[in-house]
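Try each task before you read its solution.

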Amino acid sequence: MDGDGASSTGATPSEEMNGPGNLMNFLDEPFPDVGTYEDFHTIDWLREKSRDTDRHRKITTKSKESYWELIKSLLDAWSGWVVMLLIGMLTGTLAGVIDLAVDWMTDLKEGVCLSALYYSREQCCWTSNETTFDDRDKCPQWQKWAELMTGHSEGAGAYVLNYFLYVLWALLFSFLAVSLVRVFAPYACGSGIPEIKTILSGFIIRGYLGKWTLLIKTVTLVLAVSSGLSLGKEGPLVHVACCCGNLFCSLFSKYSKNEGKRREVLSAAAAAGVSVAFGAPIGGVLFSLEEVSYYFPLKTLWRSFFAALVAAFTLRAINPFGNSRLVLFYVEYHTPWYMAELVPFILLGVFGGLWGALFIRGNIAWCRRRKTTLLGKYPVLEVIVITGITAVLAFPNLYTRRSTSELISELFNDCGALESSQLCDYVNNPNMSRPVDDIPDRPAGPGVYSALWQLALALIFKIVITIFTFGMKIPSGLFIPSMAVGAIAGRIVGIAVEQMAYHHHDWIIFKNWCRPGADCVTPGLYAMVGAAACLGGVTRMTVSLVVIMFELTGGLEYIVPLMAAAVTSKWVADAFGKEGIYESHIQLNGYPYLDVRDEFTHRTLATDVMRPRRSEPPLAVLTQDSTTVEDVETLIKDTDYNGFPVVVSRESERLIGFVQRRELTVAIKTARQKQDGVVSSSVVYFTEDNPQVAEACDPQPLKLRRILNLSPFTVTDHTPMETVVDIFRKLGLRQCLVTRSGRLLGIITKKDVLRHMAQMMNQDPESIMFN
């Protein structure tokens, strides 16, 4: 049949090979699906980089040909900034909507605004004309459920009814959240930061940043936070921002067709997420750089800065906190801190480190139990039970009943003359006539002591319940619960130091800086330092944490206490284990994440890690000019490798290049459809010269040189593994071939490197599940 086809055109076989109508080199034209990756596989950073360089070179060359091409090249150059603008605007808008919805739904558990159903308690009371200064905590427009239903606001019956409805609303919100996640977007659960870190390191998780995930995560985040569970919205907002980034990437082929470029956009989107989560644009950029990103070139730094700026502007325009400020917990302290106070600050750092280590151990043990037992099969039941326990235990205590953000805000506050909080119930000196701002230290009144008891109970409750809450099948962030634990501990320590300074101002430590009648100690500052210490202990952030904390509170002059606490908490937590909570969850899920911070100090060689091992069958390879299409298809069917080395011949084993499995599959499939005469017995050629067909009846050969990578990364068998690990980390390789004098010996994949590292650290190498 093939011979008839050749002779009917009146051309010789060799002319057909080289003529202008030749289909054998159809691969010179780009064809679909090449260059995309399978789900749960790692991208090849070097290849993506070189493809982008080729694309850029082509655009630059074309731009000199005409004005239209020049305009196209300018649009291409600006597309990155346009994407950042869109990400910033959408992320800021979603964050504002989430903040407003959470405020309203959190208050809905306790009561309702009669003047406007959609007002939260604060908005209801601010807009009411009947609220007086003396009764500023009560406003007639806001009614609790018991008062609305029975007409009584006091008494045991009203308390029980309010209690019951509080628990009921909490259960309803959490049930809706877990059901929506389960049915529509399973990837919308959790914090999202461990997966974002893995994706940014070059791993593909299809659907994780999809439109459905974005929609469901936004809705369920509001429900989960409003249910009163011990979780925050900050981590999930990073996931939401990255979903926005992925959404806008699909509009520009520059990003949608290049996984490396896409990850640059996602790094900037993560910065925008933190920017709106805390109202901390610079902290967001540093968070992306220090905590989430794997590859962060200077260009990405500028774009992250721009995206964070636009997001913060958008949020400020929406003004969800109603205070015309971006920040969540704005504070104004009227006294400086003193050197002697560094001792309690460092002690809070130690507490933060210990809490971080305890939390990570407890949470990972619980999540592992969830994965390996029946518990994991009933996610809805687990969420309902934890919500029920949380709501039942939280309601009786005023400090756990309210939203965690409100609690932190109160703990950070300095006690001014107009504060009505229990924490500010000090015994006033009737003869005092001082400016309102500068109130001297005073003895604690009964309100402060009862608040301390309640805070101590709240601290124990938060420490225990957060361990079981983080990792459930609903969106759950960790920043706010960790900060709450630290803020409670810090406020307790702050009040203790303040009372010691008041009652024992003649002690040598207080003598130099705390005179009687002076305002020496600010308990709110201790709460702020404690919050930073606990967040640092859990996440192991340092620089970005301090910047986020001072942007969050506006407390610029308290950088040194924050730095001291952050560094101490990191040192203490690192003594119990190097991994932060996100790295621990990456390990638990078996993602192929090569942490830049891990050190490899073992004296092993490439030959110890490469495959095949002695007991294994020989390496699956292709030859440059003697493998048939059938052989290739059989090899693809029988193995699940990501690619195959190409050698001169099986005898010499001399390496020529490497070909990706997906590209090989697509190329053969396309050739069978488009090229006449390609059959199972056709020989596949990877050589530069055009193959010669010996006889007219021979099947048409298939030349696939264009999909061959002629410069695969190679090391010799005696290369130290320390160097190999470094190469994989810094170049983002998928695999590297092992040779001796140009002869192929074996292959090392990213999975092999991770398994070897796990083995060296006495961990289970089989826990690394993905390629």
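## Exercise 1: a crossing of two helices

In this predicted model, residues M721, V725, F728 and R729 of α29 are in contact with K750, V753, H756 and M757 of α30.

**Task.** Sort the residues of this contact by class, then work out the geometry of the α29 and α30 pair.

**Solution.** Start with the residues. The contact of α29 with α30 holds five nonpolar, one polar and two charged residues.

Next, take the geometry. Helix α29 covers residues 721–731 and helix α30 covers residues 750–760; their axes lie 11 Å apart, at an angle of about 130 degrees. That angle makes α29 oblique to α30, because an angle counts as roughly antiparallel only when it is over 145 degrees. Finally, the handedness: α29 and α30 cross in a left-handed sense.

## Exercise 2: the surroundings of α30

**Task.** Find out how many of the eleven residues of α30 are buried, and what they pack against.

**Solution.** First, count: eight of the eleven residues in α30 are buried, so the helix is mostly covered. Second, name them: K750, K751, D752, V753, L754, H756, M757 and A758. Third, look at the partners. The buried residues of α30 pack against α26, α29 and β12, the strand at 743–749. Last, step past the end of the helix: N762 follows α30 and has a positive phi, near 60 degrees.

## Exercise 3: α22 against α24

**Task.** Decide how α22 is oriented relative to α24, and describe the contact they make.

**Solution.** Begin with the axes. Those of helix α22 (residues 523–539) and helix α24 (residues 559–576) come within 8 Å and cross at roughly 30 degrees. This makes α22 roughly parallel to α24, since angles under 35 degrees fall in that class. The crossing of α22 and α24 is right-handed.

Now list the contact. α22 contributes M528, V529, A532, A533, G536 and G537, while α24 contributes P561, L562, A565, S569 and A573. By class, the contact of α22 with α24 comes to eight nonpolar, three polar and no charged residues.

## Exercise 4: α4 against α9

On the α4 side, the contact uses L94, I98, A101, V102, M105 and T106; on the α9 side it uses L214, T218, L221, V222, L223, V225 and S226. Sorted by class, the residues of the contact of α4 with α9 are ten nonpolar, three polar and no charged.

## Exercise 5: backbone details

**Task.** Where do F40, E653 and P612 lie, and what marks the backbone at each?

**Solution.** Take F40 first. F40 sits in the loop between α2 (13–18) and α3 (45–63), and its phi is positive, about 60 degrees, although F40 is not a glycine. At 27% relative accessibility, F40 counts as partly exposed.

E653 comes next, in the loop between β5 (643–647) and β6 (655–660). E653 also has a positive phi, about 55 degrees, and is not a glycine. With a relative accessible area of 18%, E653 is buried.

Finish with P612, found in the loop between α26 (606–609) and β3 (622–623). The peptide bond from R611 to P612 is cis, with omega near 5 degrees.

## Exercise 6: the whole chain

**Solution.** The secondary structure comprises 30 helices and twelve strands. Of the 771 residues, 54% count as buried. The protein exposes about 34900 Å², and carbon and sulfur atoms supply 60% of that area. Among contacts between residues at least 6 apart in sequence, 74% join residues at least 24 apart.

Note on methods:
Residues numbered from 1 in each chain as written. Predicted model: local features only at pLDDT ≥ 70, side-chain atom pairs only at ≥ 80, totals over all residues. Heavy atoms only, no water. Axes fitted to C-alpha atoms, helices over the stretch in contact; angles between N-to-C directions. Helix = DSSP H or I, 4+ residues; strand = E, 2+ residues; numbered from the N terminus. Parallel < 35°, antiparallel > 145°, perpendicular 65-115°, else oblique. Left-handed = near helix turned anticlockwise from the far one by under 90°. Contact = heavy atoms within 4.5 Å. Nonpolar A, V, L, I, M, F, W, Y, C, P; charged D, E, K, R; others polar. Buried < 20%, exposed > 50% of the residue type's maximum accessible area, 1.4 Å probe, protein only. Areas by Shrake-Rupley, 256 points an atom, 1.4 Å probe, with all protein chains shown as cover.
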